[in-house]
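Me: I have a protein model open and want to learn to read it. Can we go feature by feature?

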Amino acid sequence: MAPNLRFEGFTTNSLGTRGAEPDPAAAERILVLGDSMALGAEVRDGETLCALLEGALGPTCQVFDSGCPGYGPREELAALRAARPRAAPHSRRRLLFAGNDFLDAGQDGPTYRVVAGRLVSEKKYQETGAVTRAFKNALASAWSLGLVRAVRRISEKPQPSAAEHHDIGPSGMDSGQIRSILELDDYTQAFSRGEPLIAKGWQRMPEHFTKIREECARIGAKLTVALLPLPIAFDPGLRERLAKRWKVGPRSIDAERPQRKMLELLRSLGIDALDLAPPLKDDGGGGKLHLPGDLHYSTAGHRAVAGALARHLR
């Protein structure tokens, strides 16, 4: 995100992360990497899982929220490298949205390079000069603020009751991509379903996480991957509605399949991982843990995630 954003309930520091400026006295610093799920633009600064995690871990720990909408493992690795000389955390943790990162990892988009501590698209860097890049950086700051305003307006609108929702999120839970993630035991079979992003993303996951693990080892930082589940894993009402739409029994939907598969993969790579589906189910909040009509977590969802993370990291 752009640095030094100032919007009601949403601010970034000079590093471009949500959170206070780096505190030299902090005994431990945690850099949270992820996509919009980690950023939490739908809730206020003090209500994000990162802010709540920092409060739970005590005054000697500082947590930097480096989430950014649309990021996948490739961008998160670049963000880790970009943040290294600036945030210099003593410890790093990474958040992963189990469903979305399959698709992000399958994208064949441009790679990124670190320029003056900022991420720049390799293609754009080659095509533009320094003046143009400076202008684009200014536009990026304006775009970031506009995005936050748009997200906040949407999340603050009166929402229908959860029972009225069949689709949630931009593409909806009722999509071929989500159904493939929930039904296929071998994600490479997604090619035959016309979902190449899932298949390619899954094939690339081991390489992506190996690079992230190696980067953390290089700088002497610990790595934990927290698997953020799809709402269907902890919202039984949503599962029943999808089962009705798909004309199957609710028990036939394996909502935790992507969690198990990612957990198995990460453990095979020697990476500490936390499956957040069980604690979110045990919380009992169900549909109240995510926003109505949206995949993103509510304030209650951020609180539940922060509590589970704090227990795991202590």
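Me: What percentage of the residues count as buried?
Reply: Buried means under 20% relative accessible area, exposed means over 50%, and partly exposed lies in between (1.4 Å probe, protein chains only). Here, 50% of the 314 residues of the protein count as buried. This is a predicted model: local features need pLDDT of at least 70, side-chain atom pairs count only at pLDDT 80 or more, and totals for chains, interfaces and linings use all residues. Residues are numbered from 1 along each chain as its sequence is written, and side-chain values use heavy atoms, with hydrogens and water left out.

Me: How many helices and strands does the protein have?
Reply: Helices (H or I, at least four residues) and strands (E, at least two) are DSSP runs, numbered from the N terminus. The protein has 12 helices and nine strands.

Me: What share of the contacts joins residues 24 or more positions apart?
Reply: Contact means heavy atoms within 4.5 Å. Take the contacts in the protein with a separation of 6 or more: residues 24 or more positions apart account for 72% of them.

Me: Where do the axes of H8 and H10 stand relative to each other?
Reply: Axes are lines fitted to C-alpha atoms, for helices over the stretch in contact, and angles run from 0 to 180 degrees between N-to-C directions. The axes of H8 (residues 196-218) and H10 (residues 257-268) come within 10 Å and cross at roughly 40°. That makes H8 oblique to H10. For the term, angles under 35 degrees count as roughly parallel, over 145 as roughly antiparallel, 65 to 115 as roughly perpendicular, and the rest as oblique.

Me: Which residues make the contact?
Reply: H8 brings Trp-202, Met-205, Pro-206 and Phe-209. H10 brings Lys-261, Met-262, Leu-265 and Leu-266. By class, the contact of H8 with H10 has seven nonpolar, no polar and one charged residues. Ala, Val, Leu, Ile, Met, Phe, Trp, Tyr, Cys and Pro count as nonpolar, Asp, Glu, Lys and Arg as charged, and the others, Gly among them, as polar.

Me: Which residues of H9 are buried?
Reply: In H9 (residues 236-246), they are Leu-238, Arg-241, Leu-242, Ala-243 and Trp-246. The buried residues of H9 pack against helix H7 (176-183).

Me: What happens at the start of H9?
Reply: A side-chain oxygen of Asp-235 reaches to within 3.1 Å of the backbone nitrogen of Gly-237. A polar contact is a pair of N or O atoms within 3.5 Å; within protein, one must be able to donate a hydrogen and the other to accept it, and residues adjacent in sequence count only if both atoms are side-chain atoms.

Me: What follows H9?
Reply: Most residues other than glycine have a negative phi. Lys-247 follows H9, and has a positive phi of about 60° although it is not a glycine. Lys-247 sits in the loop between H9 and H10. With a relative accessible area of 77%, Lys-247 is exposed. Asn-4 also has a positive phi, near 55°. Asn-4 lies in the segment before strand E1 (6-7). At 46% relative accessibility, Asn-4 counts as partly exposed.

Me: Is His-290 buried or exposed?
Reply: His-290 is buried, at 5% relative accessible area. Look for His-290 in the loop between helix H11 (277-283) and helix H12 (299-313). A polar atom of the His-290 side chain lies 3.1 Å from the backbone oxygen of Asp-294.
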